[in-house]
Amino acid sequence: MGRLFVETLSGPKIFKCKCCKVDFASHDDIVSKDFQGRFGRAYLFRNVVNVSLGPIEERELISGLHTVNDIYCSSCQQILGWRYEKAYEPSQKYKEGMYILEKERMLKEGW
Ligand SMILES: [Zn+2]
């Protein structure tokens, strides 16, 4: 126990944690920028790193009922958004396994 393993992403456009600056996601993994989070605009990503999952729960979102986990920075523990575990509406199924990251909680460094 003790040492935290931090993954590093490569590429020119990386989103980082606003608090502790670990890498979260690549710009190339954005599926949509048109999402609403708790704190404003949020992005949908197909892949993120350095996050830990909270307990699974049912949540009624703008787009219907979903099973989600909140996600936290695995380094500084700030809440970042959520992960879609399951969507009930057929039109929302594409989001299963994807992640919402709040724009407000991320940092764009050097681009
Ligand atoms: Zn952090």
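This is a short tour of the structure above, stop by stop.

**Before you start**

You are looking at a predicted model, in which local features need pLDDT of at least 70 and side-chain atom pairs count only at pLDDT 80 or more, while totals for chains, interfaces and linings use all residues. Residues are numbered from 1 along each chain as its sequence is written.

**Stop 1: residues 13-110**

Select residues 13-110, which UniProt lists, in an unreviewed entry, as "domain: Yippee". UniProt positions follow the numbering used here, feature names are shortened, and annotations may be inferred rather than shown by experiment. Over this range the chain is 0% helix and 60% strand, and the end C-alpha atoms lie 8 Å apart. Helices (H or I, at least four residues) and strands (E, at least two) are DSSP runs, numbered from the N terminus.

**Stop 2: the sheet of 6 strands**

Now colour the strands of the open sheet with the order β3-β4-β8-β7-β6-β5, where pairing is antiparallel. Two strands pair if DSSP finds at least two bridges between them. Which strands stand at the edges? They are β3 (30-37) and β5 (51-61); each has a single partner strand, so one side of each is left without a neighbour in the sheet. On average, neighbouring strands here are turned by 30 degrees against each other, direction ignored. For such angles, axes are lines fitted to C-alpha atoms (for helices, over the stretch in contact), and angles run from 0 to 180 degrees between N-to-C directions.

Zoom in on β3 and β4: these antiparallel strands are joined by 5 bridges, and a hairpin links them through 2 residues. Pick Ile-30 and you will find its bridge partner, Phe-45, in β4. Then move to β6 and β7, an antiparallel pair with 7 bridges, where Ile-71 stands opposite Gly-81 of β7.

**Stop 3: the sheet of 3 strands**

Next, select the open sheet with the order β2-β1-β9, again with antiparallel pairing. Its edge strands, β2 and β9 (106-108), each pair on one side only.

**Stop 4: the core**

Show side chains for the largest nonpolar core, which has 21 residues; Phe-24, Ala-25, Phe-45, Val-48, Val-51, Tyr-99 and Leu-101 touch the most other members. A nonpolar core is a set of buried Ala, Val, Leu, Ile, Met, Phe, Trp, Tyr and Cys residues joined through C-beta atoms within 7 Å. A residue is buried if 20 or more other C-beta atoms lie within 10 Å of its own, exposed if 12 or fewer, and partly exposed in between, with C-beta atoms placed from the backbone. The largest share of this core, 4 residues, comes from β7.

Centre on Phe-24, whose contacts include Phe-15, Val-48, Leu-101 and Met-106, leaving out residues up to four places away in sequence. Contact means that the C-beta atoms, placed from the backbone, lie within 7 Å.

**Stop 5: two loops**

In the loop between β6 and β7, select Ser-75. Ser-75 is partly exposed because 16 C-beta neighbours lie inside 10 Å. Among the residues it touches, not counting those up to four places away in sequence, are Leu-4, Cys-20 and Asn-50. Gln-77 sits in the loop between β6 and β7 and counts as exposed, with 11 C-beta neighbours inside 10 Å.

Finish at Lys-21, in the loop between β1 and β2. Most residues other than glycine have a negative phi. Phi of Lys-21, however, is near 70 degrees, a positive value.

Note on methods: Two residues are in contact if their C-beta atoms, placed from the backbone, lie within 7 Å.
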